[in-house]
Amino acid sequence: MSDYDVFLADCPARTTLEVIGHTWSVVVVVALGEKPLRYGELLERIGGISNKMLTQTLARLRGNGLLVAVDGRYELTGLGRSLLAPVRALAAWAEEHSGDLVDARWQHEVGGGLVVPGDVPAE
């Protein structure tokens, strides 16, 4: 069991979750898990990310020891590579359940309440 309690405001795990919980952080880590890439290659590889957001994301990941820049290419550190398995598992979960999430969101917006697929409504 961990010595950290994510329910406490000063928990170091919260800081970590904040860094890796950012959408673009996860996408950049996965992209760099394929191979080291230059800034322009990352920008081209990651659809929808702006120059500003990519710059901020790279700085955040670099500042937290997850990537380094070597000869103009960004690459994951050992710490960054250790994040690949959990991030890929999360991505696989998202792909598997994206339809359920979209359906639930639609039900919530149209029906005015959250309906979770498979749940039995209360009577």
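**Close-up views of a predicted model**

**Figure 1. Helices at the largest pocket.** Helices α1 (12–20) and α5 (78–82) each supply at least two residues of the lining of the largest pocket. The model shown here and in the other views is predicted. With four residues, α1 gives the most to this lining.

**Figure 2. Lining residues and volume of the largest pocket.** The residues that line the largest pocket are T15, T16, V19, I20, N64, L66, L79, S82 and L83. By class, five of the lining residues are nonpolar and four are polar, while none is charged. The space in the largest pocket is about 160 Å³.

Figure 3. T57 is part of helix α4, which covers residues 51–63. The relative accessible area of T57 is 0%, under the 20% limit, and T57 is therefore buried. Leaving aside residues up to four places away in sequence, T57 touches H22, W24, S25 and V28.

**Figure 4. The chain as the setting of these views.** Six helices and two strands form the secondary structure of the chain. Along the sequence, these elements follow the pattern α-α-α-α-β-β-α-α. Of the 123 residues in the chain, 22% are buried, T57 in helix α4 being one of the buried residues. Among contacts with a separation of 6 or more, 44% are between residues 24 or more positions apart. The chain has an accessible surface of about 8600 Å², and carbon and sulfur atoms account for 57% of this surface.

Conventions:
Residues are numbered from 1 along each chain as its sequence is written. This is a predicted model: local features need pLDDT of at least 70, side-chain atom pairs count only at pLDDT 80 or more; totals for chains, interfaces and linings use all residues. Side-chain values use heavy atoms; hydrogens and water are left out. Buried means under 20% relative accessible area, exposed over 50%, partly exposed in between (1.4 Å probe, protein chains only). Contact means heavy atoms within 4.5 Å. Accessible areas come from the Shrake-Rupley method with a 1.4 Å probe; for residues, only the protein chains shown count as cover. On a 1 Å grid over the protein atoms alone, a cavity is a set of points where a 1.4 Å probe fits but cannot get out, and a pocket is an open set with protein on both sides within 12 Å along at least five of seven lines; lining residues have an atom within 4 Å of a point. Grid points are joined across faces, edges and corners, and a volume is the space filled by probe spheres set on the points. Ala, Val, Leu, Ile, Met, Phe, Trp, Tyr, Cys and Pro count as nonpolar, Asp, Glu, Lys and Arg as charged, and the others, Gly among them, as polar.
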